[in-house]
Amino acid sequence: MLAIFFMCLWVSMLIAFACTTLVALKEGTSQVKRMHQIPCHNCDFFTNDHRLKCTLNPIIACTENAICCRDFEPKTANCNASQKIRRKLC
Ligand code: SF4
């Protein structure tokens, strides 16, 4: 009788673990999808410099608030973010 009790307990713990893992995976996936909607890295105003990420909206740059940014401009070839040359910090 005791063995059946522990078997049921073990199975219920296994099911709870599987459910928790599935919920965590689902939440993680939706969070990653949301982060990929942030448009800043493809924006002309993105500077690619950690000191000033965006010249127009530096506070919301690279955050979830930037997903619906009205100032988004598609990146052009001669914008700052496209420059591959390293800047000298003197
Ligand atoms: S203008 Fe908007 S989309 Fe562009 S880099 Fe700044 S915050 Fe991001």
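A residue counts as buried under 20% relative accessible area, as exposed over 50%, and as partly exposed in between, with a 1.4 Å probe and protein chains only. Cysteine 62 is partly exposed because its relative accessible area is 26%. The model is predicted: local features need pLDDT of at least 70, side-chain atom pairs count only at pLDDT 80 or more, and totals for chains, interfaces and linings use all residues. Residues are numbered from 1 along each chain as its sequence is written, and side-chain values use heavy atoms, with hydrogens and water left out.

**The protein chain**

- The secondary structure amounts to one helix and zero strands, where helices (H or I, at least four residues) and strands (E, at least two) are DSSP runs numbered from the N terminus.
- Of the 90 residues in the protein chain, 14% are buried.
- The accessible surface of the protein chain is about 7,800 Å², and carbon and sulfur atoms hold 65% of it; such areas come from the Shrake-Rupley method with a 1.4 Å probe, and for residues only the protein chains shown count as cover.
- Among contacts in the protein chain with a separation of 6 or more, 59% join residues 24 or more positions apart; a contact means heavy atoms within 4.5 Å.

**The ligand and its surroundings**

- The ligand takes up the space of the largest cavity. On a 1 Å grid over the protein atoms alone, a cavity is a set of points where a 1.4 Å probe fits but cannot get out, and a molecule sits in a cavity if more than half of its atoms lie within 2 Å of its grid points.

- Beyond its neighbours within four places in sequence, cysteine 40 is in contact with Phe46, Ala61, Cys62 and Ala66.
- Cysteine 40 and lysine 75 are 35 residues apart along the chain, and their C-alpha atoms are separated by 9.4 Å.
- Cysteine 54 also lies in the segment after helix 1 and is buried, with a relative accessible area of 10%.
- Apart from neighbours within four places in sequence, cysteine 54 is in contact with Phe45, Thr47 and Ala61.
- A distance of 9.0 Å separates the C-alpha atoms of cysteine 54 and cysteine 43, which are 11 residues apart along the chain.

**Residues with positive phi**

- Asparagine 48, although not a glycine, has a positive phi of about 60 degrees; asparagine 48 counts as partly exposed because its relative accessibility is 48%.
- Cysteine 62, likewise not a glycine, has a positive phi of about 65 degrees and is placed in the segment after helix 1.

Technical notes
1 Å grid on protein atoms, 1.4 Å probe; cavity = no way out; pocket = protein on both sides within 12 Å on 5 of 7 lines; lining within 4 Å.
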